[in-house]
Amino acid sequence: VYKRQQIFRWVYVRAPSVSALQVELEAVANFSAQPGARILAARLELLMSSTAPKKCLKVSCGDFKLAEEPISPVTAEAMHDGCGYVPAELLSRWLGPTVGGRAVAVQVRVVAPRLGVFKGVLMLKRGIHCVQLTPSMRKVLPSTVDDAQEYAWLIIKQV
């Protein structure tokens, strides 16, 4: 008989007040702007995305820029499909020349206090020099903390 395996994780945070955890989260992104508890839970879940250790990278915010949504050649309207673009040089740096040289897209999570939290697919695009993140990829707005950090965590879920 096949028994389905279940994994349960519990976290206990001891702090002087509940707001201590909220302060830490607000330094990462503007989680308090989420419209409801269900969406907030889904957005917090993005912070728990798993991957292989070599596919979780601390990178510079300078590697990213916000871009417009791609326009459909059929309807001439913005596609809002959660897809951005990545230059070949960055794919090779992140994945190594062997895998990065063959990859055409990566499924990612990006957590950057100055940019927000993003989820989606980055497709290879020639002629660009930094990752282009689209509005449909953004799930949480940037941190409102005055001295938000310059780092970005890139989690590559799938190549």
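The protein exposes about 10,600 Å² (Shrake-Rupley method, 1.4 Å probe), and carbon and sulfur atoms supply 56% of that area. This is a predicted model, in which local features need pLDDT of at least 70, side-chain atom pairs count only at pLDDT 80 or more, and totals for chains, interfaces and linings use all residues. Residues are numbered from 1 along each chain as its sequence is written, and side-chain values use heavy atoms, with hydrogens and water left out.

**Overall fold**
- The protein has 4 helices and 8 strands, taken as DSSP runs (helices H or I, at least four residues; strands E, at least two) numbered from the N terminus.
- From the N terminus on, the order of elements is α-α-β-β-β-α-α-β-β-β-β-β.
- Of the 159 residues, 36% count as buried, meaning under 20% relative accessible area (1.4 Å probe, protein chains only).
- Among contacts (heavy atoms within 4.5 Å) between residues at least 6 apart in sequence, 71% join residues at least 24 apart.

**Helix α3**
- Helix α3 covers residues 88-95, and its buried residues are Ala88, Leu90, Leu91, Trp94 and Leu95.
- Seen down the axis of α3, these buried residues fall within an arc of 160°, so they line one face of the helix; the arc is that of the directions from the helix axis to the C-beta atoms.
- Glu89 and Arg93, on the other side of α3, are exposed (over 50% relative accessible area).
- Gly96 follows α3 and has a positive phi, near 90°.

**Charges over rings**
- A charge sits over a ring if NZ of Lys or CZ of Arg is within 6 Å of the ring centre and within 35 degrees of the ring normal.
- The charged end of Lys58 sits over the ring of Tyr151, 5.4 Å from its centre.
- Lys125 lies over the face of Tyr85, at 4.6 Å from the ring centre.
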